[in-house]
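Open the model in your viewer and keep the selection tool at hand. The stops below go from the whole chain to single residues.

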Amino acid sequence: MDWDNIRVFLEVAEARSLTVAARHTGLSQPTISRRLKSMEEEIGGALFERFPNRIELTPLGKELIEPALGM
């Protein structure tokens, strides 16, 4: 698994916003979205549930927080 994708995953999980995560990482919002999509395809499930004004971890995303932090 690509470390940069994990770093983006953790940033989005903390920020609860693609826009805020983009600002914090210096990446564009489309790049953030592509990295998350790549990670979701690799894992085989959605990591976030998207709402109009926020983003929330799915149960799968919650399972991956601790291992990702340990990296």
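This is a predicted model: local features need pLDDT of at least 70, side-chain atom pairs count only at pLDDT 80 or more; totals for chains, interfaces and linings use all residues.

Colour the chain by relative accessible area: 35% of its 71 residues count as buried.

**Whole chain**

Show the cartoon. Trace them from the N terminus; the order is α-α-α-β-β-α. Along its principal axes the trace spans about 25 × 25 × 20 Å. How does the radius of gyration of the chain fit that of a compact globule? It agrees, because a compact globule of 71 residues would have a value near 11 Å and the chain has 11 Å.

Next, display contacts. Take those with a separation of 6 or more: 44% of them join residues 24 or more positions apart. Then colour the charges. There are 9 positive and 11 negative ones, and their mean positions lie 7 Å apart.

**Stop one: Glu14**

Select helix H1, residues 3-15, and pick Glu14 within it. Is Glu14 buried or exposed? Its relative accessible area is 66%, so Glu14 counts as exposed, the cut-off being over 50%. Glu14 and Leu57 are 43 residues apart along the chain, yet 9.8 Å separates their C-alpha atoms.

**Stop two: Arg16**

Move on to the loop between H1 and helix H2 (18-25), where Arg16 sits. Check the backbone here. Arg16 is not a glycine, but its phi is positive, at about 55°. Its side of the surface view is worth a look too: Arg16 has a relative accessible area of 47% and is therefore partly exposed.

**Stop three: Thr58**

Go to the loop between strand E2 (55-57) and helix H4 (59-70) and select Thr58. With a relative accessible area of 12%, Thr58 is buried, because the cut-off is under 20%. Which residues does Thr58 contact, leaving aside its neighbours within four places in sequence? Show Ala46, Leu47, Phe48 and Glu49. Now draw a distance from the side chain of Thr58 to the backbone oxygen of Ala46. It reads 2.6 Å.

To finish, keep Glu14 and Thr58 on screen together. Glu14 is exposed, whereas Thr58 is buried.

Technical notes:
Residues are numbered from 1 along each chain as its sequence is written. Side-chain values use heavy atoms; hydrogens and water are left out. Helices (H or I, at least four residues) and strands (E, at least two) are DSSP runs, numbered from the N terminus. The radius of gyration is taken over C-alpha atoms; the globule rule is 2.2 Å times the number of residues to the power 0.38. Buried means under 20% relative accessible area, exposed over 50%, partly exposed in between (1.4 Å probe, protein chains only). Contact means heavy atoms within 4.5 Å. Lys and Arg count as positive and Asp and Glu as negative; His and the chain ends are not counted. The place of a charge is taken as NZ of Lys, CZ of Arg, CG of Asp or CD of Glu. A polar contact is a pair of N or O atoms within 3.5 Å; within protein, one must be able to donate a hydrogen and the other to accept it, and residues adjacent in sequence count only if both atoms are side-chain atoms.
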